Amino acid sequence: MALVTLKQILQEADQSGYGVGSFNVVNMETIIGTIKAAEETRSPIIMQAAQVRLKHSPLHLLGPMMLEAAKRALVPVAVHLDHGTDLAVIKQALDLGFTSVMFDGSHLPLEKNIAETLKVVKLARNYGASVEAEIGRVGGSEDNSEDIEMVTTQVCDAQQFYEGTGVDALAIAIGNVHGIYKSKPRLQFQRIREIDGVVAAPLVLHGGSGITVDDFRQCIQCGIKKINVQTATLTNIVEQVKQLLQLNKQVDYFTYHHSIIDAAYVSVKHHIEAFQSNNHA
Ligand code: 13P
C-alpha cells in the first residue's frame with residue numbers, strides 16, 4: 001500500500017472504470033482528514049499541493065508531511081504537485097519524493113507547451129515520477145485570483161500534444177472551471193469521448209467542486225480518471241468552523257482543530273463515493 005505513482009493509481013482506475021479524487025491539502029489538518037476518508041472508504045487517492053498556494057503553506061514543510069502521511073496510509077496514495085509552473089518548484093517537489101508533478105503550460109502556444117512539458121517529462125523520469133500536463137485552458141484560477149476564460153480543448157491539439165510529450169495524464173478543458181461555478185456547469189461529454197479516442201493517457205478533470213454526482217459519473221464513463229477537488233473542501237471547512245464558533249463562543253483550540261479535520265474528511269468522503277473509487281484499495 002502507501003506511496004505510489006500517479007501512473008499506477010490511474011492505470012488501475014482505467015482498468016476497473018472508476019475515477020480517483022485528487023484532493024488539495026493545505027496543512028496537517030486537511031492531510032489527516034483526507035487520509036482518514038480514504039482509509040475508511042478503502043479508496044486509492046491522490047493528495048496534491050498547488051504551487052500557487054505554497055506562499056501560505058511552504059513546500060519544504062507541507063511536502064514532508066504529505067509524504068509521511070502517504071507512506072503510513074493503509075491505502076495507495078500518490079503525492080502530486082498541482083499546477084507547477086516553475087521548474088525550480090517542480091524539482092523541489094521531486095527532490096522531496098513527490099511521485100507525480102503537473103506542469104501547467106496551458107497559457108503557452110501548443111508547440112511551446114509541448115517543448116516545456118518535455119523538459120519536465122525528462123526531469124521526472126530520472127525520479128521515476130509521473131507527469132500531468134494541460135491542453136486547452138481550464139477556466140477560473142486555482143486561488144480565485146483571476147477569472148481566466150475557459151478555452152475548450154481541441155481533439156487534434158490533444159493528440160499532437162500527447163504524441164509529442166508522452167505524459168502520464170492529460171488535463172482537458174470541456175466546460176470545467178476552477179472555484180465556484182457562476183452558473184450550472186455544462187460539460188461537453190462528447191468532447192471527452194473524442195479526446196479519449198486519440199489520447200492513450202488517462203484524462204484529468206480540474207474544477208471538480210460544484211459538479212453533480214451524475215455528471216462526475218458520466219465524465220468517468222467518457223474517459224476522465226483523475227478529478228481535482230479543492231474549493232468544496234476549503235468551503236466546507238470555513239462553514240463548519242463558522243457554525244462551531246456561532247454555537248459556542250468559548251471554543252478551545254483543539255475543538256476547532258478537530259472541526260477542520262472533520263470538515264475535510266466529510267468533503268473528501270463525499271467525492272470518493274461520487275467517483276466510485278471506494279472499496280478499490
Ligand atoms: P476546484 O477548486 O474548483 O475544486 O478545482 C480544484 C482544481 O482543479 C485544482 O487543480
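**Surface, cores and selected residues of a predicted chain**

The accessible surface of the chain comes to about 12,200 Å², and carbon and sulfur atoms supply 51% of that area. The model is a predicted one, and every value below was computed from it. Taken along the principal axes, the box filled by the C-alpha atoms is roughly 60 × 40 × 35 Å. How does the radius of gyration agree with that of a compact globule? For 281 residues such a globule would have a value near 19 Å, and the chain has 18 Å, so the two agree.

The chain holds 10 helices and 8 strands. Of its 281 residues, 56% count as buried.

What lies inside? The largest nonpolar core has 66 residues, and the members that touch the most other members are Met 66, Val 77, Val 101, Leu 170, Ile 172 and Ile 192. Apart from this core lies another, made of 13 residues, including Ile 9, Leu 10, Tyr 18 and Ala 78. Once residues up to four places away in sequence are set aside, Val 101 touches His 80, Leu 81, Ile 90, Ala 93, Leu 94, Val 120, Ala 124, Ser 130, Val 131 and Glu 132.

His 83 has a phi near 50°, a positive value in a residue other than glycine. This residue belongs to strand E3, which covers residues 77-84. Is His 83 buried or exposed? With a relative accessibility of 3%, His 83 falls under the 20% limit and therefore counts as buried. Gln 276 also has a positive phi, near 60°, and is likewise a residue other than glycine. Gln 276 sits in the segment after helix H10 (253-275). Its relative accessible area is 40%, so Gln 276 is partly exposed.

Two loop residues come next. Val 199 is in the loop between helix H7 (189-198) and strand E7 (203-205). Its relative accessibility is 3%, which means that Val 199 counts as buried. Gly 166 occupies the loop between helix H6 (155-165) and strand E6 (169-172). At 33% relative accessibility, Gly 166 counts as partly exposed. From the C-alpha atom of Gly 166 to that of Met 28, 138 residues away along the chain, the separation is 34 Å.

Asp 215 is part of helix H8 (residues 213-222). Asp 215 is buried because its relative accessible area, 15%, is under 20%. Beyond its neighbours within four places in sequence, Asp 215 is in contact with Pro 185, Leu 187 and Phe 189. Ser 141 is 74 residues from Asp 215 along the chain, and 21 Å separates their C-alpha atoms.

Technical notes. Residues are numbered from 1 along each chain as its sequence is written. This is a predicted model: local features need pLDDT of at least 70, side-chain atom pairs count only at pLDDT 80 or more; totals for chains, interfaces and linings use all residues. Side-chain values use heavy atoms; hydrogens and water are left out. Helices (H or I, at least four residues) and strands (E, at least two) are DSSP runs, numbered from the N terminus. The radius of gyration is taken over C-alpha atoms; the globule rule is 2.2 Å times the number of residues to the power 0.38. Buried means under 20% relative accessible area, exposed over 50%, partly exposed in between (1.4 Å probe, protein chains only). Accessible areas come from the Shrake-Rupley method with a 1.4 Å probe; for residues, only the protein chains shown count as cover. A nonpolar core is a set of buried Ala, Val, Leu, Ile, Met, Phe, Trp, Tyr and Cys residues joined through side-chain atoms within 4.5 Å. Contact means heavy atoms within 4.5 Å.
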